[in-house]
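Here's a quick briefing to read alongside the model. Have the sequence and the structure open as you go.

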Amino acid sequence: MTLPVASIPDTTLVADLQARLRDVPDFPKPGIVFKDITPVLADPRLFGRVINAMSAPFRGQHITKVVGVEARGFLLGAPIALALDAGFVPARKPGKLPHRSVVERYSLEYGADGVEMHEDAILQGERVLVVDDVLATGGTAEATAKLVKRLGGELVGFSFLISLDFLEGPQRLGRDKVTTLLTF
């Protein structure tokens with residue numbers, strides 16, 4: 001399924017995204033500048049362009065599942081799954097899924113967290129794309145990739161709207177597997 005936007009390269013997308021993203025200082029804690037994507041999501045044409053651009057590198061790669069990482073990864077991952085004619089799988093915080101699930105724990109700067117998926121969400125040999133809004137340190141995406149592999153999936157790559165490269169997430173995940181529209 002291709003969304004109804006121009007098929008020519010979108011050379012103005014980066015400028016349009018930069019104009020619509022909103023920086024929120026000191027959120028969720030002092031010293032953090034949060035990249036708020038809600039103005040992008042509110043603009044249907046820009047949102048459609050983002051979905052097409054994030055899915056474009058993976059067209060023809062026979063993606064069978066798109067995993068969206070909680071929570072903004074759901075907003076991008078589900079329409080990317082439709083654009084790639086693939087199924088959608090939510091990767092959630094532990095304890096949020098109703099069926100039997102598997103969890104992958106990971107360390108944070110202060111403490112630990114985890115992501116989980118239903119144990120039957122990905123079948124052996126399925127080709128999987130992991131999607132989220134922002135790549136920071138890469139801990140959540142790396143844990144999600146480990147779950148994909150544990151369930152028998154083949155990780156094809158990662159698609160992010162934004163990468164905060166100074167936090168070295170692309171190096172952690174393998175730069176050759178990471179695509180992003182904006183880099184800071």
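Which element gives the largest share of the lining of the largest pocket? That would be E7, with four residues. Before going further: this is a predicted model, where local features need pLDDT of at least 70, side-chain atom pairs count only at pLDDT 80 or more, and totals for chains, interfaces and linings use all residues. Residues are numbered from 1 along each chain as its sequence is written, and side-chain values use heavy atoms, with hydrogens and water left out.

**The pocket**

- The largest pocket has a volume of about 1,200 Å³. A pocket here is an open set of points on a 1 Å grid over the protein atoms alone, where a 1.4 Å probe fits, with protein on both sides within 12 Å along at least five of seven lines; lining residues have an atom within 4 Å of a point.
- The lining has 34 residues, and Pro28, Ile32, Ala136, Thr137 and Leu167 are the closest to the pocket's centre.
- Strand E2 (33-36), strand E5 (101-108), strand E7 (127-135) and helix H5 (139-150) each give two or more residues to the lining. Helices (H or I, at least four residues) and strands (E, at least two) are DSSP runs, numbered from the N terminus.
- By class, the lining splits into 18 nonpolar, six polar and 10 charged residues.

**The cores**

- In the largest nonpolar core, which has 26 residues, Leu17, Val50, Val66, Ile80 and Leu161 touch the most other members. A core is a set of buried Ala, Val, Leu, Ile, Met, Phe, Trp, Tyr and Cys residues joined through side-chain atoms within 4.5 Å.
- Helices H1 (13-20), H3 (44-55) and H4 (72-83) give two or more residues to this core, as do strands E7, E8 (154-163) and E9 (178-183).
- Apart from it lies another core of 24 residues, including Val67, Val89, Leu155 and Val178.
- Leaving aside neighbours within four places in sequence, Val66 is in contact (heavy atoms within 4.5 Å) with residues including Gly77, Ile80, Leu84, Phe88, Leu129 and Val131.

- H3 has 12 residues and reaches 16 Å from its first C-alpha to its last, close to the 16 Å expected at 1.5 Å a residue.
- Buried residues of H3 (under 20% relative accessible area, with exposed over 50% and partly exposed in between, 1.4 Å probe, protein chains only) include Leu46, Arg49, Val50, Asn52 and Met54.
- Among the elements that cover the buried residues of H3 are H1, H4, E7 and E9.
- In H5, the buried residues are Gly139, Ala141, Ala143, Thr144, Ala145, Leu147 and Val148. After H5 comes Gly152, with a positive phi near 100°.

**Tyr106**

- Tyr106 sits in strand E5, and it counts as buried because its relative accessibility is 8%.
- Tyr106 and Gly139 are 33 residues apart in sequence and 6.6 Å apart in space, C-alpha to C-alpha. Gly139 is also one of the contacts of Tyr106, along with Lys93, Thr140 and Ala143.

- Phe27 and Pro28 are joined by a cis peptide bond, omega about 5°, and Pro28 is in the loop between strand E1 (22-25) and E2.
- Glu70 to Ala71 is cis as well, with omega near -5°.
- Asp26, not a glycine, has a positive phi of about 60°; Asp26 is partly exposed at 48% relative accessibility.
- His62 has a positive phi near 60° and is exposed, at 62%.

Definitions and conventions. Points joined across faces, edges and corners; volume = space filled by probe spheres on them. Nonpolar A, V, L, I, M, F, W, Y, C, P; charged D, E, K, R; others polar. Expected span 1.5 Å × (residues − 1).
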